[in-house]
Amino acid sequence: MLEIRHLRTLSALRSSGSLVRAAQLLNLTQSALSHQIRLLEERYKAPLFERKSMPIAFTATGSRLLELADKLLPEIELAERDVARLSQGDKGQLRVALECHTCFDWLMPVMDAFRQRWPEVEIDLVSGFHSEPADLLRSGEADLVIGSPYGPDFTVFPLFRFEMLVVMAQKHRLQAQRRLAASDFAGETLITYPVPEERIDLIREVLRPAGIQFERRTAELTVAVLQLVASRRGIAALPNWAIKNYVDYDYVVARPVGEHGLWSDLYVSVPEPLQDKAYVRDFVSVIREQCAATLDGIKLLS
């Protein structure tokens, strides 16, 4: 029997563009997702999409089932939100604080999508720079923080993993290297956001353990960091998805760090009283769905 989960699988395949990302989005193993698809194809005696096509190209059978998904899933999701409103109340506020400075690029579309789904919930950004966003949760000045996991005092929802890449000016001395080692940073000026050093992955995970000496300069805006890098004031470590356009247009050059890369994880933290609010959980879902569909090089966390 065709089930709702099958329609959600097809929708996730289309939005994410790959089996790997769809499995992450659905919180399934890739083998479980492949098994589910194989059973569907056996039921209809036809493939649902073309193998080895990037992005996924659906067959006539798969496209027809997607048409059904497009009709039914929005109605089901709307009904689920309505039931949540009836059981939990339909009012609320969501004041969002960011530890992740580079998150603004994808957060604005996420907030727009969330407002369409929850028009009764007042969602807004907590303005200004905050060196310790968790303090805003403790003081009640924010309802949700996007950044590091702030457990065990708060409930934490996983978002995604991303690679930190080092960006440098064109023709920088390190450009010829395929990957950077800790020793390559000796004597360099590292341009960072104005946050404590223990919250900077490159410093905490790579430079400090190796005892590397470096200069540090700060800027609050990503565009300011990249302008300083392009004008040869230093180098910076930024998320792969935040610098893609700048690299594609040859504004800066990017290189990975270490043999396996330097990876960071992003989470949502909320006070425990908000953990079961339907609009909070849906906000997390919207982030995961939108980012899986639009950000290159990320891996959704389970």
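This is a predicted model: local features need pLDDT of at least 70, side-chain atom pairs count only at pLDDT 80 or more; totals for chains, interfaces and linings use all residues.

User: How do the axes of H1 and H3 cross, and at what angle?

Analyst: Helix H1, which covers residues 4-16, and helix H3, which covers residues 30-44, have axes that come within 11 Å and cross at roughly 115°. That angle makes H1 roughly perpendicular to H3, and the crossing of the two is left-handed.

User: Which residues make the contact?

Analyst: On the H1 side they are Arg 5, His 6, Thr 9 and Leu 13, while H3 brings in Leu 33, Gln 36, Ile 37 and Leu 40. Sorted by class, this contact of H1 with H3 has four nonpolar residues, three polar ones and one charged one.

User: New topic: where is Thr 102, and is it buried or exposed?

Analyst: Thr 102 sits in the loop between strand E1 (92-98) and helix H5 (104-117). Thr 102 counts as buried because its relative accessibility is 5%, and buried means under 20%.

User: What is Thr 102 in contact with?

Analyst: Leaving aside neighbours within four places in sequence, Thr 102 is in contact with Tyr 193, Thr 222, Leu 238, Pro 239, Trp 241 and Ala 242.

User: And where is Val 257?

Analyst: Val 257 is found in the loop between strand E8 (253-255) and strand E9 (262-270), and with 5% relative accessibility Val 257 counts as buried.

User: What does Val 257 touch?

Analyst: Not counting residues up to four places away in sequence, Val 257 touches Val 166, Leu 180, Phe 185, Leu 202, Val 206 and Leu 262.

Methods. Residues are numbered from 1 along each chain as its sequence is written. Side-chain values use heavy atoms; hydrogens and water are left out. Axes are lines fitted to C-alpha atoms, for helices over the stretch in contact, and angles run from 0 to 180 degrees between N-to-C directions. Helices (H or I, at least four residues) and strands (E, at least two) are DSSP runs, numbered from the N terminus. Angles under 35 degrees count as roughly parallel, over 145 as roughly antiparallel, 65 to 115 as roughly perpendicular and the rest as oblique. A crossing is left-handed if the near helix is turned anticlockwise from the far one by less than a right angle, and right-handed if clockwise. Contact means heavy atoms within 4.5 Å. Ala, Val, Leu, Ile, Met, Phe, Trp, Tyr, Cys and Pro count as nonpolar, Asp, Glu, Lys and Arg as charged, and the others, Gly among them, as polar. Buried means under 20% relative accessible area, exposed over 50%, partly exposed in between (1.4 Å probe, protein chains only).
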